[in-house]
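User: I have a model open and would like to go through it with you. Could we begin with the pocket lining?

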Amino acid sequence: MNVDVGPAQMAVVRNEAALVRRLLLRDSRVEGESPMSGPKTYEAYIDALPGGLDAYPEMLAKAGIVATVVDDVARFGKTREDLIDELPGALRDYVADLPPSSSWVSEVRLQALSLFINDRYMPDEHVQWQSAYDVNTKLLAGAAYKFMLGMISPSRVLKMGAMAYNHFHKGSSLQVIDTKTEPFLIRMSYPRHAIAEPVARMQAAVLTSSLHIAGNEHARVVIDSYDAHGTEFKVTLAPPG
């Protein structure tokens, strides 16, 4: 039997579906998965935010970071223009109208952009990790950076990494908590659900890359805990085993 469903009924169905998604994305984890895990992290991220892409206008990032993320799609044989054509409307304008690198832009949209790229081109979390690692390694691969990082202690490398993060971001922060004994601890703080776990995992790759460039070839930075308001990273320097 066919049943005609009018616009009002369809709106109710869509609202109920959105409510179910939000309930599933609460802090509680299902079978060990985080609120931001799964094949469509872009949609999950937006659904979890209060106000969607307009959430947390005080949370900002330098436009140069956005440009780096966008231009990295070249590894998949894509240009910036190719990506812009594939992006949803709000993100399309965000990338197409990107201001100079030193300008402040929406961090939430940067997070959403990163997740869209992950979903579209590299859904495997290991590929995501390697992408962030490679980008940071390329940025710090110059002889001057390698020489400077090689002259300082691992704890100082981590503190410099935190300082760099806090220089290029507003509304979220990276803090080195303890570097006296291994494992070292680092905490990233942010508004509720503002940073998705895949992006936090990529930040771990950035910190690992910096330690490797500084000569700490066995260093590993991994997520020790993740929740809606913060991520704690655990840092080890000794080889495993």
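User: How do the residues of the lining of the largest pocket divide into nonpolar, polar and charged?

Analyst: The lining of the largest pocket has 25 nonpolar, 12 polar and 3 charged residues. Ala, Val, Leu, Ile, Met, Phe, Trp, Tyr, Cys and Pro count as nonpolar, Asp, Glu, Lys and Arg as charged, and the others, Gly among them, as polar. This is a predicted model, in which local features need pLDDT of at least 70 and side-chain atom pairs count only at pLDDT 80 or more, while totals for chains, interfaces and linings use all residues. Residues are numbered from 1 along each chain as its sequence is written, and side-chain values use heavy atoms, with hydrogens and water left out.

User: What is the volume of the largest pocket, and which residues are the closest to its centre?

Analyst: The volume of the largest pocket is about 1,100 Å³. Of its 40 lining residues, Ile65, Asn136, Leu139, Gln203 and Val206 are the closest to the centre. A pocket here is an open set of points on a 1 Å grid over the protein atoms alone, where a 1.4 Å probe fits, with protein on both sides within 12 Å along at least five of seven lines; lining residues have an atom within 4 Å of a point. Grid points are joined across faces, edges and corners, and the volume is the space filled by probe spheres set on the points.

User: Which elements give two or more residues to that lining?

Analyst: They are helices H3 (63–71), H6 (107–121), H7 (125–139), H8 (143–150), H9 (154–168) and H10 (197–213). Helices (H or I, at least four residues) and strands (E, at least two) are DSSP runs, numbered from the N terminus.

User: On to the core. Which residues have the most contacts inside the largest nonpolar core?

Analyst: Leu83 and Leu113 do, in a core of 60 residues. H6 supplies the largest share of this core, 8 residues. Such a core is a set of buried Ala, Val, Leu, Ile, Met, Phe, Trp, Tyr and Cys residues joined through side-chain atoms within 4.5 Å. Not counting residues up to four places away in sequence, Leu83 touches Val70, Val73, Leu113, Phe116, Ile117 and Tyr121; contact means heavy atoms within 4.5 Å.

User: Now the sheets. In what order do the 3 strands of the open sheet stand?

Analyst: The order is S2-S1-S3, with antiparallel pairing. Strands S2 (104–106) and S3 (169–170) stand at the edges with a single partner strand each, so one side of each is left without a neighbour in the sheet. Two strands pair if DSSP finds at least two bridges between them; S1 (residues 60–62) and S2 have 3.

User: Which strands does S7 pair with?

Analyst: S7 (residues 230–236) runs antiparallel to S5, joined by 6 bridges, and pairs in the antiparallel sense with S6 (residues 220–226) over 6 bridges. A hairpin of 3 residues joins S6 to S7.

Notes
Buried means under 20% relative accessible area, exposed over 50%, partly exposed in between (1.4 Å probe, protein chains only).
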